[in-house]
Every structure is written in structure tokens, then in C-alpha cells.
Amino acid sequence: MDAEARAELRRKRAEKRKRYVRNRILFIAALVIVLVFLVVVLAGNLRKISENSDSVSTQTDAMIETPADDPLASSGLEANSGESNLQADGDGNSSEDGDGEYTSGSEENDSQDATAYDSETTESNVTNPEETDGADDDTVYEVTLVAIGDVLIHSPLLTMAEQSDGSYDFSGCFSVLKEEFTSADIAIVNQETIFGGASKGYTTYPCFNTPESLGDAEVEAGFDVILHATNHVRDAGTDGIEYCLDYWQTSHPDTTVLGIHDSEEAASEITYYECNGITFAMFNYTYGMNGFTIPSEQSYLVDLMNDDTKAKIIAEIEEADENADFVIVFPHWGTENLVGDISSFQQEWAEIFVEAGADLIIGTHPHVLEPVEWYESANGNRALIFYSLGNYISNQQDMPNNVGGMAKVTVRRQGDETYIVEDESGCVPLINHSDKTGSTPKFRVYRVADYTDDLMSVHTIHRKNSSFTLSYVTDLAEEILGEFLLWS
């Protein structure tokens, strides 16, 4: 992004913050006026109470001092007069209560006007984007983000996870790198397969249905955001998607789930995610569902990216760019097993996403690593793109399928500018390790930098290809990732 474009971006964000401050000032001014009015009303009523109290006291004293033969002493007129005054004071209190109710309603309306897009937020950990907009100062806000690729549960992984009581424990899939996930401010995982429920039976390739205990393991490992818009999202039927959503909402309501929805209203909402003083907008789309379709009346179930949805996608990213500090898109796109290159489909949609306002794009689906680059759209917007993180864990046996990546990105906000810290961002190459030398297969994922020759010697892939070596893995990572390669 050139200096002129960056200056224009800063100007727009400064204008947005000024509008926010102006709205808040107007709201506070209105609140002060209402409070002053209430104080005046309350003071008036207190004065009436005081006057009536004095009147009652005077009348009582007079009654005490009245001679016994005074004809008024037994008439009751003075007492009735006092009761009448006290009743009038009670009506005054009722009037004040009514004003109080009106004031409360006014506050609510003013607040809604000042934050008009509050209705477009989702999840308990998702906040109003303007809550992070403070005065223009030099305070530095920073978020560390990590993301991993496809979690693809083939039958040997089911076997590994199955316990003697029939339950499933997938914690081993994340045990080696758990500290990476828990230490990041935001950790994202692409959950390739759907959690459709035990009643359908757990299945693997080509139509997957994975135990939801995998979701428990992901949350326990430290993941905050789950990507579900994949080509396997429809494998267990539309009711499988609904079951999956119900699982997340019931078992892990604080976890942000992207790409699938339970209603038209939910599908129309933009997900804003606040972390460390920075407001993110997040989107997850898939190119398709392996030939499956969804009834038109349930089109809200999955976020698709195609010609029919292009205008909606552009509009919602543009809206998010206005409201959030930073916009992330997670597309499920590209050509499977296209090593070190990208497809024309990815090129087309990269331009669409960045031009609309995306700041970061992290892609999945090809099951292999693909390049990382800074991309500048025709209108001058600039974004960092990870075209594919490859597999995180699977039983695929071709060599490139066993080399994945973990995106690591630092996002910083200072004043009116939010940006990626370039020298702290890149991709860490990973090895999907499988060992079938024992009675039960064992799968783990390691950083390439931590992988050993002893581990390599028992990797299952050697049954098919002995060329899979540490030298091959490091050369492949260096070739694909280039300047964006991080070893840890």
C-alpha cells in the first residue's frame, strides 16, 4: 500500500473514531439533561414534603394547644386537611417514578443509536467493534494469532482415539504443540470433517462423520476459533450440520464457530471478535460440498463462495472493514495436491477478498503447503495471504500431504493504524507423524525443527516411499515458504 493510500486509510479510520466520539458526547449530554431534570423534580417534591411536614407539625401543635371548648377541636377538619396534603405528595412520587421509567428508555434508545451495529455481533466472546475505539493516542495493542490446517480424521485416527469403553480421546493429536496453541491470543483450527452425531455411525473417507469428542480435544488444546465451512461439511446431511452446531452451542458456547449457522438471522450476522483491544471481523467460506446441495430454504446452513454469493460476500467484508480494526478471511479453496502453486480460482477470489477489505487470508483444502505472499489488489489494498496450510493431521500417504504449516501472525494497533508486524509473522513447517509399528496406530504432529531421525525411521510413509526424509521436508518447506519460513 503506497503512502497516499495509507494516509487515506488513516483518514477514514480517524473519521470513524470522530463519529463515535461525537455520538458518545451527544449521548452523555442527553443523559446529563435528563439527570438535571430528575434532580429538579426530586428537589421540588422534597420541598413539598418538607412544607407539608411543617404544615402537619404546625396543625398538630395548634390542636394540642386548642382549648377543650374550642368548637373545632372535635370537628376533625384539621386532620383531614393534613391527610389531603400527604396524598398529594404521594401522587408526586408516582409522577417521579414515571419520569424515571421514561429516562431509562431514553438511555437505551440513545445507546442503540450510538452503536447501531450491535445487532450484528455473535458469540459470548464477540463484542461491539466500537468498544475498542478510544481516544486517538499512542497506546500499542497487540495480538498473536496461530492457525493450523486440515484436521482430517481417517479410520486409523479413529482407531487410535477409540477407548476401551467405546468413547474417543483425540487429545494426542494436539499434545506435542499444545503450548503453541494455548500461548497464542487467538488459535484457529480448520475442522475438515463434520460432527454429525453417533446415531449416524462414525465414518471416514469419502463421507466423514467424526465423534464430537474431537471438538472437546480442540478446546482443551487451546483453540478459540473453529472453521467448519469445508467440502465435507454436508457429509452427514443437513441434520448433521444442525447436530454439530447444537454440540458447539451446548458444550462450548464460548468457542467461536465460523462457516455454519442455524438460522437466516445468524447467517446474516458478521462475527466480530475482540482481543487485547483489537476488534477482528472473521469470515469462513467453502467453494463447495463435494457435489452435495442444501435445500434453498436452508441455504443459511453453510457459507459458500460462488457467483451467486459473490455480491453478499463483498458487501459483508466491506461492512466489516468499516467497523472492525482488522478483517480475516478463511477460505476453503484451491486444487487438491497442487504443491507449491495456486489455482486461478484462488487468484480470482484473493483479488475479491483483498479489494473488499480483507487484511489477512488463511486458506485450507489442498492438503498440501502452498505459497505465502503479500498481495496488493487493484484498488491498492494490501493483505497477507497463506494460500494453503496443508494437512495438520491425516492418514494421507503421499509425501507432500505429510508436510503442513502453522501460520503465526502478530497484529498491532497503534493510534489509527492496525497492521501486521511483518518480522514476527510467517509459517512454521510441521510434520504429520504416523507410527503403525505397534498394535495401535499413533499420530502426532511436530515442528520440522523438532523432528528427529529416530521418529523419521518409523514413519508409516516409508512403507510406500523411502524418499521421505528430513532433507526432503526442509527443502520443500524452504522452496514453498521462502522468506515467510519460520522454524519456530
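Start with the aromatic side chains: a search of this whole predicted structure finds 19 aromatic pairs. Select Tyr-168 and Phe-170. Their rings are stacked, with 6.3 Å from centre to centre and 15 degrees between the planes. Both Tyr-168 and Phe-170 are buried.

Next, select Phe-195 and Trp-248. Here the ring centres are 6.0 Å apart and the planes meet at 35 degrees, so this pair counts as tilted. An angle under 30 degrees would have made the pair stacked, and one over 60 edge-to-face. Phe-195 and Trp-248 are both buried.

Move on to a cluster. Select Phe-283, Tyr-285, Trp-333, Phe-345, Trp-349, Phe-353 and Tyr-387: they form one aromatic cluster. Lys-310 lies over the face of Trp-349, 5.9 Å from the ring centre.

For another charge over a ring, select Arg-382 and Trp-374. Arg-382 lies over the face of Trp-374, at 3.9 Å from the ring centre.

Finally, colour by pLDDT. The protein chain averages 83, and 73% of the residues score at least 70. Then select residues 55–128. There pLDDT stays under 50, and the model has 70 contacts beyond four places in sequence for this stretch. Where pLDDT is low, predicted coordinates should not be read in detail.

How values were computed: Residues numbered from 1 in each chain as written. Predicted model: local features only at pLDDT ≥ 70, side-chain atom pairs only at ≥ 80, totals over all residues. Heavy atoms only, no water. pLDDT = per-residue confidence, 0-100. Contact = heavy atoms within 4.5 Å. Phe/Tyr/Trp six-rings, centres within 6.5 Å; stacked < 30°, edge-to-face > 60°. Buried < 20%, exposed > 50% of the residue type's maximum accessible area, 1.4 Å probe, protein only. Lys NZ or Arg CZ within 6 Å of the ring centre and 35° of its normal.
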